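Colleague: I have a model open on my screen and would like to learn how to read it. Could you take me through it step by step?

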Amino acid sequence: MDRLLALYCSARRFEEVQGDLHELYRYDFKDRGWGYANRAYLWNVLKCLKPYAYKHPQSNGNHHNNSKDMILKHLQLAFRRLTRQFSYSMINIMGLTMGIVCFTFIYLYVDHEMSFDQFHAKKENLYTTPFTWHFGSTSLPTARATSNVGPMLQANYPEVLDFVRLRPTSKVVKHEDMVAKEDAFIYTDSTFFDLLSFELLEGNPTTALVEPKSVVITENMALKYFGEQWQQSSLLGKMLDLDAKDNYQITGVAKNPPNNSHIKFDFLASFSSLPESQTMGDFNKSAYLTYVELVPNTNIDQLKNLINEDLKKQFDGELPVEVGLKALDDIYLNYSMSTGVGPMSNIKTVYIFAGIGLLIIVIACINYMNLATARSVERAREVGVRKVMGAARRQLIGQFLGESMFITFVSVILAIGLMHVFLPLFNSLADKQLVLNLFTNIQLPLFLFTIWLSISLLAGVYPAFALSGFSIIGVLRGRFKNSASGSMLRKVLVVFQFSIAVVLIVATIVIYKQLSFVNDKDLGYDKDLIISLPLDSQSRPQINVLKQQYESLADIASTSVTGQLPSCISFESTMSIKDGEENRQLMRLSYIDNDYLETLGLEVIAGGEMSPSNTEEYEFILNESAASFFGWTPEGAIGERMKIWNSEWGTIVGVVKDFHFSSLHEKIQPLVLYNSENPKEFGLNNLMLRVVSDDFEQTLLEVENIWTGIMTHKPFEYQFLADKLDSSYQKEQHLSELIGIFSLLAIFIGCLGLFGLVSYTTHQRSKEIGIRKVMGASVSNIIMILSKGFSRQIFVSLIIGTSMAYFIMGEWLKSFEYKTVIGVDVILLATFGTIGISLFTMSFKSVQAALLNPADILRSE
Amino acid sequence: MKATNLGDFEELVLMSVCILGKQAYAVSVKLDLEERIKKPINISAIHTALYRLEDKEFLNSKMDGATSERGGRRKRYFMATSTGEQALVRLKSLRNTMYQLIPALSNG
């Protein structure tokens, strides 16, 4: 019982209260006996739990409430420490600053990616309808639905409130002198502005897209076609000339679509202008990105099943097509299919960057922890004296945390400055238009504040507890040494830091290697020096004239018209060698003309002679994969018959060696190239020119002159095939650049920490070095001794880092069907790189120390 | 401050301290009061009142007089200060004045 009393009772009151209680106990014991007295005593002790008796933690008589003064004092001390140990503080601040800059940039990036499509007011109820086509055993997912799906869903299912279809295309737009090809041209339903929250500056959102041949343009386009002063008079009612055959009336001016929209447009034309708007549409052409608005809280899976059940009935039990429902705000990050109306990203990339950002900030924090604990010997005396003077452990922890908060605060301020400098660079690397709005938006300041607090804690907590825990006596008797556990932890942390750095280095090298592998890979055709000129349906009558004119140029070896560029043949249709539904096979195909094989330099295995003048009939050239797919040898395939478009028969006249006609992510698929007198309209899309010339600019000029002479309706445009190929690996390119930069930073921050540690240990061991030198050790001996400890840690981190990177990058490479190997060369390069850089870092201090005159060091004692 | 106010129970304790003179400490005050008002009082209530009165400067105290009953611990003896005595007098005269103004009681 007395113990309970002692527990809560303050020292000041303890004696008298306890005395009183004991006296009462005696009286009770005398009068009423032992049992009663005990009970009464217990009762009294409990009753004495009253304010007058409590311990008051903050003011227990000896200490005054002086926290404000103490905080000021700590700040002052932190500032003095900062100026006195300038280099040490600089290392910390630089590391943390760079860490914060990276982390904030990555935060901005991730935040931007996550914010996509969040601005749509109806986003919770908006879904898009991807299609999956089934042909025999193959199935083909596509983001675009057929034109009948929207109306059909709205008519048959009460859950579907409304729909909007988007048909992206490209048009040549002309107004007075301004002519340009516009790629972000979308035909869409009049419900566009109702479902999707894009804003109109001029015009009526509900009626703007109702009438045929009406078009809404964005601010940018208004500026482009109507000049700087477009705002001075209304643009409504002005006419635009499209493809030199139609006149569309402007019925609205829209705000530019926000950066974080997966739908990007410059022109919106009314869907009613399209011929297909007149009919209900069928399941033949899936080219319409469709969004539906559902009743809130619809059960998506149930509705999807219902729709597909009904479709099954409609197709007599066989389901050639399956309709999906995908939430609108999921499209940007979680959709493997391209929509064709704007940028797409991948949630994985976002995770990768978030991970890298975290790692870098952790590396910076580890620097702080290592340097702070390594200096514990110096600070131990301070801690001891403070404790003797009566500082509680809590106060010491507060002091050390205060220091880390101070350092971090300085870093955050510096980081804000640096971010303003480097934002444009980051934007160009990440291909984004991010902005820093420190003052207009609460989010970023809040984020920086959180970073400040959490880094101070993360970096400061361990040193604070470790340093404040020293025993007074040990410290003041001077028998203090770095504890074994402390230095062990430091070693582990250094290993951790360098492992991360090594992983990033290896990742950079592997990505770089893969990209150069892709660039140098023999694609099976000659991609250099081929330029391609896009054509459209109206060019058709002039194509032959154009070809002849170009071929007459000395610098042009050959020309060829084709449906799709050989770098990305993605169009698929059904082919069959026998009649009957079950024999239909989905295959990639592209239109070619007689000069195709020669222009591209494809290697012909069998046949290859196309009729000089196009005959009525289709003629096919297969690649090897296609031939073996149908079970033919290359020679055996010649003369076989095939059915295309499910209606027209033709003869196989040649087989070419497999070439890469799509990205190297993909295995080479069976491919059918066809030639015909009357190719479908979408067959003639590109004119390829093989240029053999020394003066490339001159040739290009001639090519342009001929073009403008013949093709009056279409401005001249050209593209190098090689560029086009490169652009299909743009994502990887960006990734490699960004990861490269971040790994450089990680290494740099890690080395900063290493530098700090080395300079600290050499400083500590300067006497030892002096004595060794006196005893005859050579400079190289001493450098060896000094760097030995760290070299071991770096070696361990190399082993950990490379093996981790090997697995991670192995996974990444799996996304490529044709890939390089992570060979010994990569690992050796990373190893020597890391060892080299870290030895270089260490040598600064160790060489300096080794060269010192031992007399200088030893004299001072 | 309301330090000049004297609560009902505090007044009793203060008076008891005055009566007990040099022998006033928590336990003696408790026994004295229990005798007078014929009701048990918990020691902690006495403590509270005494410390309050001390804070209000109606009492001052000193530590003294260890006895064997207390296991050798000292007692805190309380003495009324002059402000304490004045407060009692003031209260009494206030009561008297008001008492006389009550017709039924003062005439009877």
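Colleague: Where do I start with confidence, and what ipTM and pTM does the predictor give the complex?

Modeller: The general idea is a caution: where pLDDT is low, the predicted coordinates should not be read in detail. Here the complex gets an ipTM of 0.80 and a pTM of 0.67 from the predictor. For chain B the mean pLDDT is 82, with 93% of the residues reaching 70 or more.

Colleague: Next, the chains. How many helices and strands are there in chain B?

Modeller: Chain B has 5 helices and 2 strands, and along the sequence they come in the order α-α-α-β-β-α-α. In chain A you will find 27 helices and 25 strands.

Colleague: What share of each chain counts as buried?

Modeller: A residue is called buried if 20 or more other C-beta atoms lie within 10 Å of its own. By that count, 31% of the 108 residues of chain B are buried, and 36% of the 861 residues of chain A are.

Colleague: And how do I read the contacts along the sequence?

Modeller: Take the contacts between residues at least 6 apart in sequence and ask what part joins residues at least 24 apart. In chain B that part is 42%, and in chain A it is 81%.

Colleague: At what angle do helices α2 and α3 of chain B pack?

Modeller: The angle between α2 (residues 26-37) and α3 (residues 43-55) of chain B is about 115°, and their axes are 9 Å apart. Angles of 65 to 115 degrees count as roughly perpendicular, so α2(B) and α3(B) are roughly perpendicular to each other. The crossing of α2(B) past α3(B) is right-handed.

Colleague: Which residues meet there?

Modeller: From α2(B) come B:A26, B:V29 and B:K30, and they meet B:I43, B:I46, B:H47 and B:L50 of α3(B).

Colleague: Now the place where the chains touch. How many residues does each chain bring?

Modeller: Chain B brings 16 residues to the contact and chain A brings 16. On the side of chain B that touches chain A, α2, α3 and β2 (75-80) each supply at least two residues. The largest share of that side, 5 residues, is from α3(B).

Colleague: What about the nonpolar cores; which residues have the most contacts inside the largest one?

Modeller: Look for A:I360, A:V506 and A:A746, which have the most contacts inside this core of 86 residues. Leaving out residues up to four places away in sequence, A:A746 touches A:L359, A:I360, A:I363, A:I500, A:A501 and A:L504. There is also a second, separate core of 56 residues, with A:L126, A:V164, A:L328 and A:I331 among them.

Terms used. Residues numbered from 1 in each chain as written. Chains lettered and ligands numbered in written order. Predicted model: local features only at pLDDT ≥ 70, side-chain atom pairs only at ≥ 80, totals over all residues. Core = buried A, V, L, I, M, F, W, Y, C linked by C-beta atoms within 7 Å. Buried ≥ 20, exposed ≤ 12 C-beta atoms within 10 Å, placed from the backbone. Contact = placed C-beta atoms within 7 Å. pLDDT = per-residue confidence, 0-100. Helix = DSSP H or I, 4+ residues; strand = E, 2+ residues; numbered from the N terminus. Axes fitted to C-alpha atoms, helices over the stretch in contact; angles between N-to-C directions. Parallel < 35°, antiparallel > 145°, perpendicular 65-115°, else oblique. Left-handed = near helix turned anticlockwise from the far one by under 90°.
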